[in-house]
Amino acid sequence: MDDDAVDLLILDKVTGETVGLQIKSRTYKKGEARPRTVQFDVQKPSWREHSRLFLMAVTVDGVSGQTETIWLVPSNKVAEVGGDKERKWALTPNPRPQSSDRYSPYRFDDMNAVVDRLITHLERVASATD
């Protein structure tokens, strides 16, 4: 369910802190060439900035089902890195590992790295509220 730009809530059972994710994905079909950039659209009317909300954009191999590239963008950076359109922000990252575009600081090569980043964020939030 997409409720106020949140597709998934992650709960830290130890601290009780949560992080919300808006998830966008692009699946490549068998034999489809990988484009230079991938576009993920975020609708302005439903998006909001919050310290506990992230956009997670993912490219997926349509044959194996494996994630290829993942971007985890804090909600307060979406408007900054996205192209400003009338009713949306169009994020167009380059999925190649050697890319050094404006999305590079948010790019991860595997889900374990994303999990580590989210755990670090949850720990910071918890220590700030203690």
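The questions and answers below go through a predicted model and set its values against the definitions used.

Q: What makes up the secondary structure of the protein?
A: Helices (H or I, at least four residues) and strands (E, at least two) are DSSP runs numbered from the N terminus, and by that rule the protein has 2 helices and 8 strands. Along the sequence they follow the pattern β-β-β-β-β-α-β-β-β-α.

Q: Why is E17 called buried?
A: Buried means under 20% relative accessible area, with exposed over 50% and partly exposed in between (1.4 Å probe, protein chains only). E17 has 10% relative accessibility and therefore counts as buried. E17 lies in the loop between strand 1 (8–11) and strand 2 (18–28). With contact meaning heavy atoms within 4.5 Å, and with residues up to four places away in sequence not counted, E17 touches I10, L11, D12, R52, L122, V125, A126 and T129.

Q: Why are strand 1 and strand 8 (107–108) said to stand at the edges?
A: Two strands pair if DSSP finds at least two bridges between them, and 5 strands form an open sheet in the order 1-2-4-5-8, with mixed pairing. Strand 1 and strand 8 each have a single partner strand, so one side of each is left without a neighbour in the sheet. Strand 1 and strand 2 pair in the antiparallel sense over 4 bridges, and L11 stands opposite T18 in strand 2. Helix 2 (residues 111–129) packs on this sheet, touching strand 1, strand 2, strand 4 (53–61), strand 5 (67–74) and strand 8. The direction of helix 2 makes about 20° with that of strand 5, where axes are lines fitted to C-alpha atoms (for helices over the stretch in contact) and angles run from 0 to 180 degrees between N-to-C directions.

Q: How do you know that strand 6 (83–84) and strand 7 (88–91) pair?
A: They are joined in the antiparallel sense over 2 bridges, and the rule asks for at least two, so they count as paired. G83 stands opposite A90 in strand 7. The open sheet to which they belong has 3 strands in the order 3-7-6, with antiparallel pairing.

Q: What makes a set of residues a nonpolar core?
A: Such a core is a set of buried Ala, Val, Leu, Ile, Met, Phe, Trp, Tyr and Cys residues joined through side-chain atoms within 4.5 Å. The largest has 18 residues, and those with the most contacts inside it are V42, W47, L55, V73, V78 and L91. Strand 4 gives the most to this core, with 3 residues. A second, separate core of 12 residues includes M56, V114, L118 and L122.

Q: How do you know that the radius of gyration agrees with that of a compact globule?
A: The radius is taken over C-alpha atoms, and the globule rule is 2.2 Å times the number of residues to the power 0.38. For 130 residues a compact globule would have a radius of gyration near 14 Å, and the protein has 15 Å, which agrees. The C-alpha trace spans about 50 × 35 × 30 Å along its principal axes.

Technical notes. Residues are numbered from 1 along each chain as its sequence is written. This is a predicted model: local features need pLDDT of at least 70, side-chain atom pairs count only at pLDDT 80 or more; totals for chains, interfaces and linings use all residues. Side-chain values use heavy atoms; hydrogens and water are left out.
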